[in-house]
Amino acid sequence: MTIAQELDSQQGICQDVIFPPGDLYSDEPPLESELHLRQIILLLTCLEWLWRDRNDFYAAGNLTIYYSPRQRKSEYFRGPDFFVVLGTERKTRKSWVVWEEDGKYPNVILEILSDSTANTDKDLKKKIYQDTFRTPDYFWFDPYTQEFAGFHLVDGEYQPLQPSEEGYLWSHQLGLYLGVYEGLLRFFTRDGQLVPTPEETAEQAEQKAEQAEQKAERLAAKLRELNIDPDTI
């Protein structure tokens with residue numbers, strides 16, 4: 001379905017239809033697979049951990065965005081697999097309602113491809129995110145085939161992002177790279193460092209502590225070889 005056909009069908013809604021309540025939860029359908037869920041959780045976890053001291057953004061996955069110019073939740077809605085809005089309050093939401101959020105649309109959108117959604121993600125959704133949302137950064141990724149692409153909005157049109165030597169794509173909005181690591185999409189810093197999960201951060205700290213302890217033990221053993229009691233130093 002083209003954008004024009006979609007809009008025509010939505011505009012044909014009867015005027016006497018009973019609209020859903022204002023606190024409607026997300027209308028998004030179930031995720032395609034467990035791998036899709038793991039990918040969304042991974043991106044959310046890493047970004048929220050990296051930005052744990054920030055309160056000026058909102059990140060969500062598989063959540064509906066309502067954007068009807070008539071402020072109706074029965075029309076004009078889409079649900080990106082993962083999106084980030086900058087310059088907004090960091091709080092829990094049932095859905096993202098544009099007219100209740102100072103007209104803000106996502107700064108970054110990522111769609112996770114599947115056999116049933118790939119064509120829509122690459123065509124219809126891409127056009128909506130470009131022409132209506134005006135979302136600056138748009139990415140898609142297939143966790144099964146590893147297909148990965150990204151676009152940045154330039155003069156109102158999406159231009160393909162060129163990968164770095166490592167194959168990463170730069171998100172102008174996030175100030176981070178996105179790239180495939182061990183089969184899933186991850187964030188990387190400007191200098192190419194993997195953005196860790198809280199668990200990975202804890203493991204790294206534990207490894208450093210163990211290495212420091214081993215180094216101290218080796219130094220103590222060396223001092224004893226020299227007939228020096230390390231406890232007296």
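An open sheet of three strands, ordered S3-S2-S5, shows mixed pairing, where two strands pair if DSSP finds at least two bridges between them and strands (E, at least two residues) and helices (H or I, at least four) are DSSP runs numbered from the N terminus. Strand S3 (77-78) and strand S5 (96-97) stand at the edges with a single partner strand each, so one side of each is left without a neighbour in the sheet. Strand S2 (residues 65-66) is joined to S3 by two bridges, and these strands run antiparallel, with Ile65 standing opposite Arg78 in S3.

The model is predicted, and local features need pLDDT of at least 70, side-chain atom pairs count only at pLDDT 80 or more, and totals for chains, interfaces and linings use all residues. Residues are numbered from 1 along each chain as its sequence is written, and side-chain values use heavy atoms, with hydrogens and water left out.

In the loop between S5 and strand S6 (108-112) lies Asn107, which counts as buried because its relative accessibility is 15%, buried meaning under 20% relative accessible area (1.4 Å probe, protein chains only). The side chain of Asn107 makes a polar contact with that of Gln173 at 2.8 Å; such a contact is a pair of N or O atoms within 3.5 Å, and within protein one must be able to donate a hydrogen and the other to accept it, while residues adjacent in sequence count only if both atoms are side-chain atoms. Leaving aside residues up to four places away in sequence, Asn107 also touches residues including Val84, Leu86, Thr135 and Asp137, contact meaning heavy atoms within 4.5 Å.

Conventions:
Buried means under 20% relative accessible area, exposed over 50%, partly exposed in between (1.4 Å probe, protein chains only).
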